[in-house]
Amino acid sequence: MEYINIDLSRTGIDIKGISFNNYLDKAKLSLNNLIETKGKGNDFHGWIDLPAKLYSKELKDILFESERLASISDIIVVIGIGGSYLGSKAILDTINHHFHQYLPSDKTFPKVVFAGNQLSGSYLSDLINLLDHNNYSIICVSKSGTTTEPAVAFRILRKHLEQKYGKDKAYERIVAITDESKGALKNLALKEKYKTFIIPDDVGGRYSVFTPVGLLPVAVGGGNINELLTGAERMRELIFTSESVEENPAILYAVARNMLYEKNKNIEVLASFEPSLQMIGEWWKQLFGESEGKENKGIFPAAVNYTTDLHSMGQYMQEGERHLMETFLSIEKHEGNISIEKDSDNLDELDYLKGKSLEYVNKKAEQATILAHSDGGVPVIKINMPEKNEYYIGQLLYFFEVSCAISAYILDVNPFDQPGVEDYKRNMFALLNKPGYEKENKILLDRLKTNK
């Protein structure tokens with residue numbers, strides 16, 4: 001059985017050295033805290049056993065509901081922000097045809113689009129125009145139901161749905177994934193008789209990809225959630241039972257990035273040479289950014305897509321400030337290949353590539369970039385992923401979740417809260433004159449006038 005694995009050979013880290021062993025002790029303690037439900041934020045450890053804990057009845061219910069929604073919908077609108085949409089979009093973008101949204105409609109699997117992850121009026125207006133001409137349903141994901149971005153989108157789209165199908169029929173086209181017993185969305189779902197799925201109390205949003213939050217949108221979009229969960233469970237077994245440090249990717253990754261952080265490598269860039277992995281980078285950014293970035297600590301997560309970004313960010317990566325590390329997500333085996341043919345005129349001077357596949361050329365570009373950047377003083381961590389399918393995506397996402405929790409514990413911060421996110425919300429509520437924020441409204445308006 002193959003697993004994703006970690007290559008630290010271009011980091012300058014000696015895994016037999018004293019410094020590595022010091023961090024290794026911290027990482028093992030952190031892993032033990034996860035296993036024994038200790039440490040900061042231990043009331044949000046429910047994600048750890050999720051791949052194995054999902055009951056067959058719940059999984060069957062998710063699959064049944066995905067088939068029901070697909071049977072009545074050309075489009076599924078997933079409403080959510082942060083962890084409420086990033087995981088499912090990352091998985092669907094990775095496994096789907098690059099141009100699946102433009103292919104003729106597949107009656108088996110509807111197109112999945114996303115809303116409620118920003119406040120753009122033009123985006124929502126364009127979406128409504130699309131929905132005017134298509135049968136659609138909504139999956140609304142929100143623990144509280146009052147987070148501004150998804151709540152606004154849901155109010156507007158719910159009204160549109162009710163006008164299009166009639167209120168007596170619209171409820172059949174809405175699924176709420178929310179709290180088990182409380183919150184605005186839960187109360188609305190009970191009142192309107194929406195089908196509901198539960199976000200467990202002990203699972204935070206950015207760790208929720210293996211709950212109905214991630215599984216229902218992936219299933220309705222044609223993803224194999226059984227394989228996704230199987231891959232995650234295999235990775236869980238490897239991480240939590242492996243006696244060899246060299247075989248434990250979560251330990252190796254967490255230790256390496258913290259050792260590099262100690263050397264002032266305070267920016268980590270996740271790079272891949274596969275455009276379908278772009279949303280994996282977005283999911284990863286939220287996971288590590290919200291989990292580690294507190295108490296004036298943490299590695300700043302950024303993501304690039306090569307070779308495209310080699311023609312924009314490549315110069316900085318090669319010769320800019322040496323305060324960054326780079327993690328390459330490398331796919332070993334690809335499906336769908338195309339070869340470069342000989343051209344009799346050879347005006348583009350590409351005949352030296354004749355007979356070679358584009359994936360071969362892309363892999364050589366990856367290898368060349370790793371060599372160039374490491375030679376330029378950028379430590380390179382390489383994550384090798386055997387194939388791009390649900391099984392290995394499940395492994396990858398679970399590996400990142402555990403690595404992130406371990407890494408945050410090494411930094412001695414709570415991986416499962418995000419107190420800083422509330423600051424902008426308070427200011428936004430005040431500026432929008434939300435009831436209860438009248439005093440703050442005046443203070444902030446005065447500050448804006450005086451540029452203070």
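**Entry: cysteines.** I looked for disulfides (pairs of cysteine sulfur atoms within 2.5 Å) and found zero in the structure. This is a predicted model, in which local features need pLDDT of at least 70, side-chain atom pairs count only at pLDDT 80 or more, and totals for chains, interfaces and linings use all residues. Residues are numbered from 1 along each chain as its sequence is written, and side-chain values use heavy atoms, leaving out hydrogens and water.

Cys140 is buried at 2% relative accessibility, and Cys404 is buried at 0%.

**Entry: helix H3.** Next I followed H3, residues 56-72. (Helices are DSSP runs of H or I with at least four residues, strands are runs of E with at least two, and both are numbered from the N terminus.) H3 spans 25 Å from first C-alpha to last, close to the expected 24 Å; that expectation is 1.5 Å times one less than the number of residues.

Which residues of H3 are buried? I noted Leu59, Ile62, Glu65, Ser66, Leu69 and Ala70. They sit on the same side of H3 because their arc is only 135°, taken from the directions from the helix axis to the C-beta atoms. On the other side, exposed residues include Lys57, Phe64 and Ser71.

**Entry: Ser137.** Strand E4 is part of what covers the buried residues of H3, and Ser137 lies in E4. I found Ser137 buried at 0%. Beyond four places in sequence, its contacts (heavy atoms within 4.5 Å) include Leu69, Ile72 and Arg173.

Methods:
Buried means under 20% relative accessible area, exposed over 50%, partly exposed in between (1.4 Å probe, protein chains only).
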